[in-house]
Amino acid sequence: MDNLKSNKNNDNVNIETMTQDDIRHLIQNLQTYQIELELKNEELRNIRSELTKEKLKKDEAFFKELTENSSDIIVVVNKTGIITYVSSSVERLLGYKPEEMIGQNAYKYIHPADIPRSILDFGKAILTKDHSVTNSFHILHKDGSVRTLEGFGKNLLDNPDISGFIMNIHDISERKQVESSLTTSKRILQKLRERLQTVVDKERTRIAREIHDDVGQSLTGLSMDLALLRRELDKPDTKSVRSLIGVKLNEMNCAVSLLVGRVREIATQLRLEVLDDLGLSAAIRWKIREFDERTQIRYRFKSNPRDISLNSKQNSFLFRIFMEAMTNIVRHAKAQNVEIILEQKPLLLKFQIIDDGKGSPKKILESSKSLGIYSMKEYAKTIGARLNISSHLRKGTSITVELPLEKPKHD
Ligand SMILES: Nc1ncnc2c1ncn2[C@@H]1O[C@H](COP(=O)(O)OP(=O)(O)OP(=O)(O)O)[C@@H](O)[C@H]1O
Ligand SMILES: [Mg+2]
């Protein structure tokens, strides 16, 4: 080799002056050099192959980590729907191990109701090269539950590296659940709004009728009395005329007092803020008198202490709960006795409305179609109270509201 090098480096090698021995020697050197070169080449090839293997290994580990820890599932299916690859994240999301799914038809995992649509969509998708689709469908979890998944798929059947339809799928069950409860809440809210409007309209009509019937009639009576007095005053001033005027004035005085009371009552009904003036106990007492006049039910009301002091929001929502409960008793309970108890403890207000009517199954009380009980629960929630309804067939229903009270502030 050194020889060769020396020969190689010697630009003035003159073959004509070389002996045969010199030429043989040169050829031997060249052969040795060629072998050494080939060995070096082999060594280099090996190093390159090792480096490629290592890079591939690293890439594979990187890819595995990505797919395993991704919240998505990556699936490849062939053109007949057979799963040829599925990322191991599938176990976390659907409970199956990848080896359980590979080789199976993907339709096996789709909810039966979604299969016709999926076949149609997949059929369309594999007809177009590079075609991408986004779809959502229901998949059966290994535990039997149904999950809602959304997937993005791409037709790579003609791509020799993939030769399949590749899908990137993620679980949207929670999102769907939130969407559906939002829709339900919106529906209930709309119903509540309509109910409120109906209640307001009914109340308006009732009060208008009361003003017309009670106040109107009394005023007409008074106006007739005034006309009579006017006529009497034109007559000669005799003892009998004076006595009649005296009687009429007394009657009118009574009618005016009654009228003032009636107008005050109507005004009271119009202003719910009266609750703040009267307090909850007095407002309940006043309403019970009204129910007492209209129904055959016997009412008993206990308030301890006699007048309970709450803030305006608490007064208003407890009063609304009371009104919903009383309306239900009159409409549904067929009760003979109703007991209403307001009890103030150091840090708690307990409010109970108990009837001895026919009771109701829990399923009916909790039906999402009616709004009374739903509103009661919402009212209780608004003021941070707990509302519990217990009902027993033929024994009655009792509603208990427990409102935590703040500690009184000491100076
Ligand atoms: N005190 C009660 N005794 C017996 N059944 C009752 C009583 N309160 C409620 N229910 C039953 O529970 C159901 C639900 O009551 P809820 O107040 O929610 O609705 P509703 O009174 O039917 O209609 P609305 O939405 O107009 O209030 C009633 O239809 C009735 O069957
Ligand atoms: Mg009701």
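Biologist: In which helix do E378 and K381 lie, and how many residues apart are they?

Modeller: Both belong to helix 12 (residues 372–382), where they are three residues apart, about one turn of the helix. Helices (H or I, at least four residues) and strands (E, at least two) are DSSP runs, numbered from the N terminus. An α-helix has 3.6 residues a turn, so residues three or four places apart point the same way. This is a predicted model, in which local features need pLDDT of at least 70, side-chain atom pairs count only at pLDDT 80 or more, and totals for chains, interfaces and linings use all residues. Residues are numbered from 1 along each chain as its sequence is written, chains are lettered from A and ligands numbered from 1 in the order in which they are written, and side-chain values use heavy atoms, with hydrogens and water left out.

Biologist: What makes the meeting of E378 and K381 a salt bridge?

Modeller: The term requires a side-chain nitrogen of Lys or Arg within 4 Å of a carboxyl oxygen of Asp or Glu. For E378 and K381 the distance from N to O is 3.1 Å, so the pair qualifies.

Biologist: Are E378 and K381 buried, partly exposed or exposed?

Modeller: Buried means under 20% relative accessible area, exposed over 50%, and partly exposed in between (1.4 Å probe, protein chains only). E378, at 27%, is therefore partly exposed, whereas K381, at 57%, counts as exposed.

Biologist: How do K235 and E232 stand in terms of accessibility?

Modeller: These two side chains meet in a salt bridge of 3.2 Å, N to O. K235 counts as partly exposed at 42%, while E232 is buried at 9%. There is also a network of salt bridges linking E150, R175, K176 and E179.

Biologist: Why are helix 6 and helix 12 called roughly perpendicular?

Modeller: Their axes are 11 Å apart and the packing angle is about 100°. Axes are lines fitted to C-alpha atoms, for helices over the stretch in contact, and angles run from 0 to 180 degrees between N-to-C directions. Angles under 35 degrees count as roughly parallel, over 145 as roughly antiparallel, 65 to 115 as roughly perpendicular and the rest as oblique. The angle of about 100° falls in the perpendicular range, and the helices are therefore roughly perpendicular to each other. I188, L192 and R195 of helix 6 make the contact (heavy atoms within 4.5 Å) with G372, Y374 and S375 of helix 12.

Biologist: What makes strand 2 and strand 3 the edges of their sheet?

Modeller: Two strands pair if DSSP finds at least two bridges between them. The open sheet has five strands in the order 2-1-5-4-3, with antiparallel pairing. Strand 2 (83–86) and strand 3 (132–140) each have a single partner strand, so one side of each is left without a neighbour in the sheet. The twist averages 25° from one strand to the next.

Biologist: Why is Q352 called buried?

Modeller: Q352, found in strand 8 (residues 348–355), has 17% relative accessibility and so counts as buried. Apart from neighbours within four places in sequence, Q352 is in contact with E339, I340, I341, I399 and T400. The C-alpha atoms of Q352 and T400 are separated by 4.5 Å, although the residues are 48 apart along the chain.
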